[in-house]
Amino acid sequence: MNELALAVPWLGKRNPQAARWLVIAIAIGAPLVAMMFGRTWVRVLDFALLYILLALGLNLVVGFAGLLDLGYIAFYAVGAYTAAFLASPHFDLHTPIWIVLPLAAFFAAMAGITLGFPVLRLRGDYLAIVTLGFGEIVRIFMNNLNYPINITNGPQGINSLDPIVLFGWDLSRNIQVTEELAINSLFLYYYFFLACVVGSIIFISRLQISRVGRAWAAMRDDELAAKAIGINTRNMKLLAFSLGATFGGVSGVLFGTFQGFVSPESFSLMESIAVLTMVVFGGMGNIAGAIVGAIILSALPEILRHLAVPVQQALFGHVLLDPEVLRMLLLSLAMILMMLLRPSGLIPANAKYSHIRYLKAKGVTE
Amino acid sequence: MITLLEARNIGKRFGGLQALSDVSLTIRKGEVYGLIGPNGAGKTTFFNVLTGAYTPDGGEFVFNGAVLPSGKPHLVVAQGIARTFQNIRLFRELSALENVMAGHHIRTKASVWGILTQNKSTVEEERLTTERAYELLRYVGIERFATATAKNLSYGDQRRLEIARALATEPQLLALDEPAAGMNATETVQLKNLIEQIRSDGVTVLLIEHDVKLVMGLCDRVAVLDFGRKIAEDVPAEVQKNEAVIGAYLGGGHKHAH
């Protein structure tokens, strides 16, 4: 939270307290503003929150522990398919969300450990290649496990997942307040996802300032030295993989239930790369970076999609560039500019791994 | 004198190179033990085998009466052996304070669940770790840089920080790999005082060093390695007179002379 407030341009350094309230106000008010432009934009925000969850989880693995993971979306898939198996007409199971979520988190963590064991000795490029392969293996399994026994329903995917129901309250139904005024279901999902994101931020910032966070950072900066001061790097790597995967699994469940439909297509290599790009673009190794990167890179393409055609028509009278082409073009441009101007991301990591307040009595300040 | 560490016939081979052969030595509790020898004599290899970074091909270490696990650095640290590196290896992106706190990792217990819920024992442990780390920074004399990022510290301060980080693991034996390398005269004197302080606080020190003056002034006993073999082990004054040692350093009359 503090990191995020400090990252607010201009205000953050001058008045962190005000910046914090600003962040809270934006988080709560965003869907209301978006609604003025239409329901689609609230939906975009909902997806942005899912991407934030993913980016936070991946940042744990890549940014904190320094393990380059190109197959992260596999855990998202594990979560989404767990929800699809346990809460849809596919197997005719309708497990409540409170059971699906922890189970999906558990399965994703197990998948994380499964990936973690064989790659313990790998680093950098080699690790990236193996994790990339892992991501593809999971997707291909989902794609082909419809024969001889139909488990995943193959490329068609699984339909009509149960919506999230909290204490008998169905998030997929609008709440009718009065005759004219109804609270759209998209809002309900938004605030539920927001609660998940806030919970994750709290959890991750606690992890960061703990023996675990420091052990990860130590491993990332110098693995040999980390071993030499007694850090069990094997366990710490597995912990990073499994905890990171847990976030992927949870957001997978949210994605599946929100969308009501899962298919292997959603879990392609491009998605892994997209999430990694968010982390790198925002700034590796800090929570604020992952969040900002996820918001910008998930919302920008949508904005483009809606603006590209009308703007080009107004300027040139006809459409020169297809929005999809333009999107890739601008994304590449953004990456190149980032590499040139801010090589360590929009918000360069300035992560704290200790509470200086414990040393106040000794007169130590930041 | 109580024996703290006993190396028994340690051997290590890298392909065709016999880096260590049959090295046996005994380090007593409370002494500063020097390990010297020409470049490539196997001193750092000995460190790496001792601290579990390498597995020895033969022999074993007995520490406090128990055989040390080989090839498992974190278990060796848990037993009470800490080391520093010849080429400084700090956690560059962490602050000086956090480097030392990371060193305390093995003596802390907080679980993921405890961290998630921030229960009483976790919070208390974190507070103690922070305070202890600060005390260690003060001990080595760099507490004013507590919040500075490690990579921005001066060379001499980085050396000190590495020692503080090693001390944070609460070792009984501190193994220093060329701590004075690249230091100027003033810094070397300060380092000597620091090592003496560490010894008087009850930590046994194993020292690899090229600075002969430092070794002779500081060490209680010295072992000399040459081509992976121990050629002498004695008090500094005697080692200085030893024919084989002079031969190893000057090349005079030694069969492996270059």
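How many residues of domain 1 of chain B are in contact with residues of domain 2 of chain B? Ten residues of domain 1 of chain B touch ten residues of domain 2 of chain B. The legends below describe close-up views of a predicted model.

**View 1. The contact between domain 1 and domain 2 of chain B.** The domain assignment divides chain B into domain 1, covering 1–80 + 171–258, and domain 2, covering 92–170. The C-alpha centres of domain 1 and domain 2 of chain B are 27 Å apart. Ten residues from domain 1 of chain B meet ten from domain 2 of chain B. On the side of domain 1 of chain B that touches domain 2 of chain B, the elements giving two or more residues are helix 2 (73–79) and helix 7 (185–200) of chain B. Helix 2 of chain B provides the largest share of this side, three residues. Sorted by class, the side of domain 1 of chain B that touches domain 2 of chain B holds seven nonpolar, two polar and one charged residues.

**View 2. The six-stranded sheet of chain B.** This open sheet has the strand order 6-7-8-3-9-10 and mixed pairing. Strand 6 (81–83) and strand 10 of chain B are at the edges and have a single partner strand each, so one side of each has no neighbour in the sheet. From one strand to the next, the twist averages 20°. Helix 7 of chain B packs on the sheet and touches strand 3, strand 7 (173–177) and strand 8 of chain B. The direction of helix 7 of chain B makes about 150° with that of strand 8 of chain B. Helix 10 (residues 243–250) of chain B lies across strand 9 and strand 10 of chain B, at about 130° to strand 10 of chain B.

**View 3. Strand 3 of chain B and its pairing with strand 8 and strand 9 of chain B.** Strand 3 of chain B spans residues 32–36, and five of its five residues are buried, so the strand is largely enclosed by the rest of the structure. Val32(B), Gly34(B) and Ile36(B) are buried on one side, and Tyr33(B) and Leu35(B) are buried on the other. Both faces of strand 3 of chain B are therefore covered, as the burial of five of five residues in an enclosed strand also shows. Strand 3 of chain B pairs in the parallel sense with strand 8 (residues 204–208) of chain B over four bridges. Within this pair, Gly34(B) is opposite Leu207(B), and Leu35(B) is opposite Ile208(B). Strand 3 of chain B also runs parallel to strand 9 (residues 221–226) of chain B, and four bridges join them. There, Gly34(B) is opposite Val222(B), and Ile36(B) has Val224(B) as its bridge partner.

**View 4. The hairpin of strand 9 and strand 10 of chain B.** Strand 9 of chain B is mostly covered, with five of its six residues buried. Strand 9 and strand 10 (residues 229–234) of chain B run antiparallel and are joined by five bridges. In strand 10 of chain B, Asp234(B) is the bridge partner of Val222(B). Two residues lie between the strands of this hairpin, and Phe227(B) in the turn has a positive phi of about 45°.

**View 5. The crossing of helix 4 and helix 12 of chain A.** The axes of helix 4 (residues 39–64) and helix 12 (residues 269–282) of chain A come within 9 Å and cross at roughly 70°. Helix 4 of chain A is therefore roughly perpendicular to helix 12 of chain A. Helix 4 of chain A contributes Tyr51(A), Leu54(A), Ala55(A), Leu58(A), Asn59(A), Val62(A) and Gly63(A), which meet Val275(A), Leu276(A), Met278(A) and Val279(A) in helix 12 of chain A. By class, this contact has nine nonpolar, two polar and no charged residues.

**View 6. The contact of chain A with chain B.** Chain A gives 29 residues to the contact and chain B gives 34 residues. Helix 8 (185–208), helix 9 (211–221) and helix 10 (223–228) of chain A each supply at least two residues of the side of chain A that touches chain B. Helix 9 of chain A gives the most to this side, with seven residues. By class, the side of chain A that touches chain B has 16 nonpolar, five polar and eight charged residues.

Key: Residues numbered from 1 in each chain as written. Chains lettered and ligands numbered in written order. Predicted model: local features only at pLDDT ≥ 70, side-chain atom pairs only at ≥ 80, totals over all residues. Buried ≥ 20, exposed ≤ 12 C-beta atoms within 10 Å, placed from the backbone. Pairing = 2+ DSSP bridges. Axes fitted to C-alpha atoms, helices over the stretch in contact; angles between N-to-C directions. Parallel < 35°, antiparallel > 145°, perpendicular 65-115°, else oblique. Contact = placed C-beta atoms within 7 Å. Nonpolar A, V, L, I, M, F, W, Y, C, P; charged D, E, K, R; others polar. Domains from an automatic or database assignment.
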